[in-house]
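Hello,

Here is the structure for your files. My notes on it follow below.

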Amino acid sequence: MLGICRGRRKFLAASLTVLFVPAITWIYLFAGSFEDGKPVSLPPLESQPHSPRYMASSQQERESLEVRMREVEEENRVLRKQLSLAQSRSPLHHRGNHSKTFSMEEGTGDSESLRAGIVAGNSSECGQQPAVEKCETIHVAIVCAGYNASRDVVTLVKSVLFHRRNPLHFHLIADAIAKQILATLFQTWMVPAVHIDFYDADELKSEVSWIPNKHYSGIYGLMKLVLTKTLPSNLERVIVLDTDITFATDIAELWAVFHKFKGQQVLGLVENQSDWYLGNLWKNHRPWPALGRGYNTGVILLLLDKLRKMKWEQMWRLTAERELMSMLSTSLADQDIFNAVIKQNPFLVYQLPCFWNVQLSDHTRSEQCYRDVSDLKVIHWNSPKKLRVKNKHVEFFRNLYLTFLEYDGNLLRRELFGCPSEADVNSENLQKQLSELDEDDLCYEFRRERFTVHRTHLYFLHYEYEPVSDNTDVTLVAQLSMDRLQMLEAICKHWEGPISLALYLSDAEAQQFLRYAQGSEVLMSRHNVGYHIVYKEGQFYPVNLLRNVAMKHISTPYMFLSDIDFLPMYGLYEYLRKSVIQLDLANTKKALIVPAFETLRYRLSFPKSKAELLSMLDMGTLFTFRYHVWTKGHAPTNFAKWRTATTPYHVEWEADFEPYVVVRKDCPEYDRRFVGFGWNKVAHIMELDAQEYEFTVLPNAYMIHMPHAPSFDITKFRSNKQYRICLKTLKEEFQQDMSRHYGFAALKYLTAENNS
């Protein structure tokens, strides 16, 4: 690359010299006719005096001028030679950096456009002026439906954001599932200069449902055909991408290719790199009609305004109807129909260099698209095998993909300096809240955590829920981090009902969890478990934020607020549903308490009944939860009464009470000011009491806490004096807020705290 730059500098210098040296010479000669800035009138030569002195001087000047002219001519000759050498070497530079396949496959533009297309995208090349304005918005359309596609598209977006230097506008054609997931993700991601619009994919089904499609993408694989009708009428151009795309360069380089379209070219596509459309993959293989190898629609440049004028809707519909009479169905979804249209109208397509869509399906010619890493622009995992595809350099491509897959998305929240950004209400409110905090406050980090916006990916895995007919369903709600992952299988075995989990993970840990879950028969057999990833940020474990996320995304009228370290008794799910009816939870403000016990044994023969639990309690195998370190937390449950109780009984709130309860889904959220260890459940139970919830202990329900190593946060609480001081300060502020909000009735919380 350095050699190319130097060669071009020489070429430029040579050109300028050839043009300007003669001009400078004559200016120099002409300047000799001036004296002190004023023109001197020279009479004709024959009118000059014929003195010997004058004749000698004139002869000397003439000889000097001739010598100088010969020197200039010699310099010009040398420069012309250098210029011709530079011109002869220039094409070699292009051929040396890119395979000949590029120029052969580009075929639809003129030679100048082809050469520019081959070189385009190497932003490091010297002297190249960007074809895209600095703050020009780049529009990208993606069809995304379902849980898996919503997860896959994040890696594509990360790769685009990593390289981008321009504002982006994503147009997402999404079903209800993908919209819920991605709307929350982008709202909590808060990436500057990124705008998102959603279009209801389910409303578009009628436009393409008449087309039989064998491709695994289903009906959503046909929706790129109707983008001219779906996207805003004032949108002139858009880049259309599949979700299994990874960018290795700035997307602005691809956007710049629009400037090369000529005449009636309205589609920018890369040639298909397999033999599919040649019809020779197997006996009786009969693909849809295509021009040569056909084109791959994983990356498309659409000139929407021209397509609308050409009546694209009518064009593709007529073509599809005609071909379906003999083909009966599509095999590659929209790609078959695009190619059939291009076969009839080849003037529509501008063929992109193949490095804009390096297709990593089995038996492709993708290796001819690159010689070096710097040649790669876009990688397309268009095989159903995805990362398991067979390719000579698949390890390199896989590592590139995994880099973005596990890349910390928080690092992509960078500003585009010099580009005005639209005012974002959420961002402005956040900045206002943070500006009101005192950074010199010793508890500043605690207070700041309350306002931190954590990137959140809902329903990270496939989720299905069918409501029960009697409207008594209960969801188990819990939160966890990576070090509690091993509890998931056990909980799923103990609780057959729906579960909502918030997992606090880094991007890399989220992928480890995905592999763990996909390798577990127990977890993969359960579709009624909602896994919501809250990405790590900051130094504290946001325990109450996690609980709120899990609570907010339940599908049942009731929820059991538990912790990940507890195993519910076998049959608790059905028992709670019966209790909901028995205690009329739908029409009363009750919090049903499930008594909590613990064991110090990592291997426990789990009690199958209350009688068996009481026996283990008497033998010292089990204990009431935290009786030896935090008796006040569960003492109000009145375990002595529970031993013999056969009916539910009422208990009063007491200071530091933190039982595990079943409540309606409309109960108040947890207070976010409490992070890490300490007072996170206590404050919630206090607020339930302030809202006049009645605490009722269930006589035949129980849960058991399983042993584990101390968490990092409890270690900080025990070892850090300032941590404990800040927690005490937050408690006092919470109690004051309770008094202001609930009035005189809330004064008992201050009194109880002082007496405890």
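In the protein chain, 79% of the contacts (heavy atoms within 4.5 Å) between residues at least 6 apart in sequence join residues at least 24 apart. This is a predicted model: local features need pLDDT of at least 70, side-chain atom pairs count only at pLDDT 80 or more, and totals for chains, interfaces and linings use all residues. Residues are numbered from 1 along each chain as its sequence is written, and side-chain values use heavy atoms, with hydrogens and water left out.

The protein chain has 756 residues, of which 52% count as buried (under 20% relative accessible area, with exposed meaning over 50% and partly exposed in between; 1.4 Å probe, protein chains only). It holds 26 helices and 25 strands (DSSP runs numbered from the N terminus: H or I of at least four residues for helices, E of at least two for strands).

Helix α16, residues 487-494, has M487, L488, I491, C492 and H494 buried. These buried residues line one face of α16, because they fall within an arc of 165° seen down its axis (the arc of the directions from the helix axis to the C-beta atoms). Their cover includes β14 (474-481), β15 (499-505) and α17 (507-518).

In helix α21, residues 610-619, the buried residues are K610, L613, L614, M616 and L617. Down the axis of α21 they fall within an arc of 160°, so they too line one face. They pack against β20 (596-598), β21 (623-624), α22 (639-644) and β25 (703-705). Exposed A611, D618 and M619 sit on the face turned away from the buried side of α21. Just after α21, G620 has a positive phi of about 85°.

Regards
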